[in-house]
Amino acid sequence: MQLPAQQVAVLEAASADDATSVDALAAATDLPPETVTGAVFELEAEELVAVTERVDETVSLTDEGQEYVTDGLPEVRLYEAALEAGAGDEPVQMGRVIGASGLEGPQVDIALSNYARKGYGSIDSGEITADPDAEPDADAEANALAELADADDTPVEDADVDAETLEELERRGLLDRSESTVREVTLTDAAVTELMAGLETAETVGQVTPELLTSGEWEDVEFAEYNVEADAETVEGGKVHILRQMSERVKDVLVGMGFQEMDGPHADADFWINDCLFMPQDHPARTHWDRFALEQPSHIDELPEDLVERVERAHREGVGEDSEGYHSPWDEDFARALALRGHTTSLSTRYLSGTEIGEIEPPARFFSVEKAYRNDTLDATHLLEFYQIEGWVMAEDLSVRDLMGTFEEFYAQFGITDIQFKPHYNPYTEPSFELFGTHPTTGELIEIGNSGIFRQEMLEPLGVDCDVMAWGLALERLAMLTTGAEDIRDLHGTLADLEFLRNAEVTY
Amino acid sequence: MPTVDIDPDELRELTGHEETSDDDLKADLFGLGLEFEGRTEDGEFELEFAPDRLDRLSVEGVARSMRYQYGDARGVHVPSPNSAEWTIEVDESVPDERPYVTGAVIRDVNLDEDALDSLIQLQEKLHATMGRKRAKGAIGIHDLTMLKGRSATDDGAPSIEYVGVDPDGDHFVPLDSDEEMTPAEVLENHQTGQTYADLVSGYDRYPAIYDDLGLFSFPPVINGRRTEVSTDSRDLFVEMTGTDQWTIDKMLNIVCYALSARGATIEDVTIEYQDHEIVRPDLSTKTKTVSHARIETILGIDLDPDEVLDLAERSGLEAEKTESEDGDLVYEVTIPPYRVDVLHPLDIIDDLGRAYGFNELEPTYPDVGTVGGRHERSRLERAVRTQLVGLGFEDLLNFHMINEAENYDRLDVAPGTDAYGAGEPVTIKEPYSEDYTMLRTWVMPSLMTVLERNTHRSYPQHLSEIGFRAALDDSENTGVGESRHVGAVLASHDAGYEDAKARLQALARNFDVDLETPPTDHPAFISGRTAAVVLDGEDVGVIGEVHPTVLIEYDLEVPVAAFEFDLAALQ
């Protein structure tokens, strides 16, 4: 019979009478244990060996446990220092005893939490007493540490320590338990017969080489087996940032729904950010505290004159009959002031006004997934910079039902269903709705966006004479919903933990 | 969003539905757009409201809306004020910045603790919203019995006078104080005075209101103690000053409706300006014309005209069917005087939709065909990002805002020099945080910071970002030059110039641009190991080994090779 060398070696090292462990076979054959294990399984399949398995439980001390073997348990050291300081007779200031004991850092807490438990005395109001009758020499935990000190992986049954003490040591993190499977091998009768008849060794090779292939030798060799289950070395491939992945996914969905992408300035005149949106100049959101106004440069050079005129008139008088505008001041200089856009709706006003890509004829759908800036308190759900998904649909006649249908379709792409519409107020849309959706995993009802039909006072000055419905949503919010991330700061910005990014699940 | 506190028991009493459970009450409030946020210490409902229906800033206003919702009230109700006895005379000395005043007298009001609390809250909430923190409109409410009217008018009718005084021209005892102070001293020493000092400190003369006994109110800052309202007050004088007549008149209407709901009688006040006279409160209604077709288009449903009339009444409006000049069906809709949010007929359609129940509408996908597509810039960015990831880079996404120290100093570059990335900063006015004072002029600082924060993570660390950056640029309309840079860093124990160059070459090859790297100097990089990135003949970036001074600055113990260049150069 012809067998690979390692199988022959294993058969020759094993016995038909006594079970031999894989480790013992490895020692006898001078092969790595995983090679022996592989060979044993092959031989078992050939019915040349019988394999039995049992599970051994072993214990060994942790580094902290080893340290206490040398230095003594913290509570014992505390007790000894306390006795020394006279705490056996009357309470002593704890600070003094701790100082004398030489305990430092976390060891102090460890000593204090075990001191009274083990009857070394009591601690009360910063004072410590010691029980003079306590016997540190009889401390079961200390003795167990000494017992286990020298050996690694002592089989549990060989350790002269009771189960309760073992459990306590494990709880304190002084001891590790581990389980290992021990396989033992016995030769079968068939193997004995084959051995008697004599075994030949087949040649095995590790690597497929050019020589092997060109010479044709590969036909006569056995390939050494690998442990194909073992973990390989970690490879850190590059990956698109998870928030970018989310943004790509949103863009894909919107393009699929017929939306065209917009692009435009981050630093823009308040005119485009707010005035064109029919936001009154004294609206609270336009105060210093909510926006990032620019110091340098401070004002835009030019605005389209006739548009400025129309927008001002809409603010002051409204548009059309029965429209009254705001009873608020309006100043062109204020409109020309530059700020980091507080929403990407500034792109929508620029596009709708016809100044970006010319007049847009209905029907049309536009979107952007771009950054907006808002002066908010930085916390787990708010960032100063965030990505806003902005979208609008322009058509001759649009109803709130069209708006609802569009959003249901969009959010369904992300597994968010049962959208609810809460009537809401925005200065630039009417009717307006806050959108609520059901969290795909927790089932919670969560605000997922803000929407509405743009007001006449906004559209008319921009030169739009049909309906436009629009909505906005923070991309981070959608990402948190779909990835389950809880802290927005993990996702975005220089706080980024590479480990988090490397391990983040891909979204698609 | 702002909140208003409402006592549920009072609400039940004022709506006349004592039996409503807390849960039903919450659901009914949600229907009005008032979201239950929690309870106050006193057990009141804390409700979040959208700042359009300012007539619902008090329990009386919320109760009114609920009575319409329940169908207990329909149409428009206007209280009838008694004719004016009191006059507010407006003196020519009144500061130009705050010329307007309005007022009303309220008689026989029953102010128990709850009613007084509600009135004070309404005053505060109106200040915070319509009043723009008192800048646009400020409310003063006085105990009428404590006022001694001047008899300046011929018929001997009582009057008070709105005037402008020198900051130290007179004195009075303000609320929450025992001392006589001049207006200027109030701004200096009184807590409320300090809070609102900015509103008037620029005026030459300060606004003040006098009766026969002297100065009793210093709007918009504080009232005098003499006329303080208490639960014993039966008759009130309400005055409001501001920068816009319409705004204070509407605020006054909301207060009058709230007090009228408690059984008080409203009495007109005559305002005598220098050149004209008006009588307030102005409780006249407005009408707007709404087209039936437009209602149907916006709601997306067919409606029977009678149904529209019904929806209007249930919204506290009154509609009348009529015909437009073109013969179309339209409605003349009457709007009550407490409404401040109806700017356009569309706002009435929103009311009708709410009364109908927006959630009753069936969503439809708009039957409109359009072609989608991405912006060229965004396609290029995606393509470059795909290549970078293929080359093994971890794609990053960092903040655009930064501060000067991070953007320049730590990388040894100075603003406005010709080193790549060192453009003049676009700065933020009165920055909120010293960490964010400008827009980054390049992405290297962000990448270096991520390396700094991750020294405990395994190497190699190959990071890249295609990121927004900006610097001053006079040739732009905004004065801001905005663009994207491609930045990359390679950090590992053996990272070197060649590793960076190899990857840059691969990028250039993939986008079919010629790459040259003539030697250059840059303060952030090691001299002799730094080159300009020249793509198709244009100098668009820098590549090199980061200087050890910079590595030490970022606590890095491994070499870093890096490049950064303008994304547009790959176009």
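**Note on the predicted two-chain model**

1. A:E430 sits in strand β19 of chain A, which covers residues 429-438. The model is a predicted one. A "binding site" annotation in an unreviewed UniProt entry covers A:E430. That label comes from the record, and such annotations may be inferred rather than shown by experiment.

2. Is A:E430 buried or exposed? A:E430 is buried, because 26 other C-beta atoms lie within 10 Å and the cut-off for a buried residue is 20 or more. Leaving aside neighbours within four places in sequence, the contacts of A:E430 in chain A are A:G452, A:I453 and A:R455. Across in chain B, A:E430 is in contact with B:L346, B:D347 and B:D350. Helix α10 of chain B spans residues 345-356, and this helix comes up again in point 5.

3. The interface is next. On the chain A side 83 residues are in contact with chain B, and on the chain B side the number is 79. Helix α17 of chain A, residues 400-412, gives the largest share of the chain A side, with eight residues. By residue type, the side of chain A that touches chain B divides into 32 nonpolar, 23 polar and 28 charged residues. In β19(B), the residue opposite A:L294 is B:I428.

4. Chain B holds an open sheet of three strands in the order β14-β16-β15, with antiparallel pairing. Which strands stand at the edges? They are β14 (286-291) and β15 (318-323) of chain B; each has a single partner strand, so one side of each is left without a neighbour in the sheet. From one strand to the next the twist averages 30°. Between β14(B) and β16 of chain B (residues 329-335) there are six bridges, and the two strands run antiparallel. B:K288 is set opposite B:V333 of β16(B).

5. Two helices of chain B pack on this sheet. Helix α9, residues 305-314, touches β15 and β16 of chain B, and its direction makes about 150° with that of β15(B). Helix α10 touches β14 and β16 of chain B, with an angle of about 75° between its direction and that of β14(B). The chain B contacts of A:E430 include B:L346, B:D347 and B:D350, whose numbers fall in the 345-356 stretch of helix α10.

6. Further along chain B, strands β21 (residues 461-472) and β22 (residues 480-491) pair in the antiparallel sense over 12 bridges. B:L472 stands opposite B:V480 of β22(B). Strand β22(B) also pairs with β26 of chain B (residues 560-566), again in the antiparallel sense, over seven bridges. In that pairing B:H485 is opposite B:D566.

7. B:H127 belongs to helix α4 of chain B, residues 113-128. B:H127 counts as buried because it has 20 C-beta neighbours inside 10 Å, and the cut-off is 20 or more. Not counting residues up to four places away in sequence, B:H127 touches B:K133, B:R134, B:A138 and B:I139. For B:A138, 11 residues away along the chain, the C-alpha separation from B:H127 is 6.2 Å.

8. For chain A as a whole, there are 21 helices and 21 strands. Its radius of gyration is 38 Å, whereas a compact globule of 508 residues would have one near 23 Å. The C-alpha trace of chain A spans about 105 × 90 × 45 Å along its principal axes. Buried residues are 40% of the 508 in chain A. Of the contacts in chain A with a separation of 6 or more, 70% are between residues 24 or more positions apart.

9. Chain B has 15 helices and 26 strands. How does its radius of gyration stand against the globule rule, and what follows from that? The value is 34 Å, well over the 25 Å given by the rule for 571 residues, so chain B is more spread out than a compact globule. The C-alpha trace of chain B spans about 95 × 65 × 50 Å along its principal axes. Buried residues make up 46% of the 571 in chain B. Among its contacts between residues at least 6 apart in sequence, 68% join residues at least 24 apart.

Notes
Residues are numbered from 1 along each chain as its sequence is written. Chains are lettered from A and ligands numbered from 1 in the order in which they are written. This is a predicted model: local features need pLDDT of at least 70, side-chain atom pairs count only at pLDDT 80 or more; totals for chains, interfaces and linings use all residues. Two residues are in contact if their C-beta atoms, placed from the backbone, lie within 7 Å. Helices (H or I, at least four residues) and strands (E, at least two) are DSSP runs, numbered from the N terminus. Ala, Val, Leu, Ile, Met, Phe, Trp, Tyr, Cys and Pro count as nonpolar, Asp, Glu, Lys and Arg as charged, and the others, Gly among them, as polar. Two strands pair if DSSP finds at least two bridges between them. Axes are lines fitted to C-alpha atoms, for helices over the stretch in contact, and angles run from 0 to 180 degrees between N-to-C directions. A residue is buried if 20 or more other C-beta atoms lie within 10 Å of its own, exposed if 12 or fewer, and partly exposed in between; C-beta atoms are placed from the backbone. The radius of gyration is taken over C-alpha atoms; the globule rule is 2.2 Å times the number of residues to the power 0.38.
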